[in-house]
Structures are given as structure tokens and as C-alpha cells.
Amino acid sequence: MTDSVSESGPAPEIEITANLVRDLLREQHPDLAGLAVREVAGGWDNQQWRLGDELAVRMPRTERAPELQRKEVRWLPLLAPRLPLPVPRPVRVGEPSARFPKCWTIMTWVPGEPLDRTSISRGDHAAETLADFLRALHAPAPAAAPGVVDRGAHPGAYTEGFDHFFRSVALDGRGDEVRADEVRAVWDDAVAAPAWEGPPVWVHGDLHPANVVVSDGTLSGVIDFGDLFAGDPAWDLAAAWVVLPEGAAARFFEAYAHADGATIRRARGLAVLKSLFLMLMGDNGDRGLPGGKPAWGSAGRAALDRVLGADGR
């Protein structure tokens, strides 16, 4: 979530097609090769294909994607049993081959619609559901757990990334100078907040509308654990504004019950950072740039409204 993320999005080295996926399945997992293969829209590091009704094939399309998949394969079987929402579980691993030079994975499919394509209508229920999920996830992590890489440290380490997103979105250029000042103030307050002093806990690290799924108007699953790390839970608590609808943040923090004032300040600043990123990806999508996500712009603006409005006070 820093400015190391390319605005133009990933460029796959090899075209990943349904035929390629079927060929790989025939070679390495022939017992699954007869299942229907359907492309799933979205994804950043990985291109996903639905495999039958209950599985998904995740094909890496960025340089870092294979390492993210290895992380999921190692840690999700340990975490999933204690989490109160469905999450992807690794089923099979695909090995590098002449047809495709990177590892790939087959995961369980998490039913529901990604939030960037739908909405939450049961805000209080979603707030309590997310709080329950994060309380269960945010347990002290073992020494071998993955650490901070390009996210997860104190907000002060990401000022350069914040400035990049802030300039790129150009709030003042939209005739919204007061809003720009408020955004900067929230970020500066997060940078000034004390650092996390507790033990490193398990953190999803990338909770935003494309990485949670919704059924019956509420949260029903969490996906894409590639950025999983051990560190500051504020990175996940930012979802109170980035994921939940207006009016739900207070209910969330009441239900979560373990966030002190400094952690909430850091979380609020990180919510601003994530909102600006979503807005930038939305702008790129509107301009037709590779990797742009048109639906993310409105999601980012709505999240920013929540952070700066009554929900963020």
C-alpha cells in the first residue's frame, strides 16, 4: 500500500487463459481436470479461475505473487480453523513447469459477492461480524510468522507513499481544499500516535472492498491473505471505515473491544491512506489504464467520507 505499488497495475509475463489452466490441471491434477473452468474478474497479484463450484485456481501474474501464495499455503491451514468466517484453504499446489514457470495453487472457493461489486445493508451485523473475525485473527503470532514487508509498520514509515497518493488524487485540484487539509490532519495525527507496544499479532494486512465477500447484506467471508503478516492490528482496524458502511464504525470498535486510543488513531490514518489508494485506482480505471479499477473510486471516496465524518470522530 505504498508508492512501490505500480499505478498501472501488474503486467503478466505469460497470457493466462482457460486453456492454459486446463492443460496444467491435466498435467498435474488430472482428477480435477474435468471440472468447469471460469475466469473470475478482478485480482491484482493473482488471476483467479473458478474450478467447478467449490474450488478456485490462483495463477500468479506479478513477481511477488508466488511468494504470497507460498505464505497462504503455509499459514492458512493453521489459521482457518479458528476463524469464524470462511476463508480460502489450500487444496493443491501446482509446480513450475515448461508450460508455466511459477508455482500456482488450488484453493477452496469462498461463496459470496466481493464488496466492490455489491453493498452491505446490515451494517450493525457486519460490524459485529468483522469485529468477531478480527478478534479471532489478532492472536499473538509465532516467531516464524512473516514479518513486515511493504506494509505493517507504524504509519510514519509510509509518509512518502501517503504523499504520493495525496498528490496523485489531488483533492485540492477537485476544488476541495478544506477536505485536503482534513485528510492531511488525520494522517499527521496517525504519524504522531504512539507505536504498537503489544506482541506482534496476526494481521490480514489488505482488508478492502475487493477482499471481503458479502451475502444476505452482511459480511460472509474474507479472501486474499497474501499480505498476511505479524505486527500492528491497526492495519486491519482501518476496515472500520474502508469496509463497513456509514454509521458502523462505533459498533465495530465497541464489539472489538481491544483497541486503545493510539491504535484507533493509527487505524484512522491508515484508513485515509487506503481510501486515497482506492481513489487513485478508480481514477486509473476511469482513464483506461492497465490495472485500474473503475469501481474502486467510489468505494474510496465513500470510505474517505466516513473517516472524515461523524464515523471518524
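**Strand pairing and a helix pair in a predicted model**

Strand β1 (residues 37-40) pairs with strand β2 (residues 46-51) in the antiparallel sense over 4 bridges; two strands pair if DSSP finds at least two bridges between them. Helices (H or I, at least four residues) and strands (E, at least two) are DSSP runs, numbered from the N terminus. The model is predicted: local features need pLDDT of at least 70, side-chain atom pairs count only at pLDDT 80 or more, and totals for chains, interfaces and linings use all residues. Residues are numbered from 1 along each chain as its sequence is written, and side-chain values use heavy atoms, with hydrogens and water left out.

Within this pairing, valine 37 has leucine 51 of β2 as its bridge partner. Together β1 and β2 form a hairpin with 5 residues between them, and glycine 42 in the turn has a positive phi of about 100°.

Strand β8 (residues 212-215) is joined to β9 by 4 bridges in the antiparallel sense, and valine 213 stands opposite glycine 221 in β9.

The helices α9 (residues 261-286) and α10 (residues 294-308) have axes that come within 6 Å and cross at roughly 155°. Axes are lines fitted to C-alpha atoms, for helices over the stretch in contact (heavy atoms within 4.5 Å), and angles run from 0 to 180 degrees between N-to-C directions. The two helices α9 and α10 are therefore roughly antiparallel to each other, a term for angles over 145 degrees.

Terms used. Angles under 35 degrees count as roughly parallel, over 145 as roughly antiparallel, 65 to 115 as roughly perpendicular and the rest as oblique.
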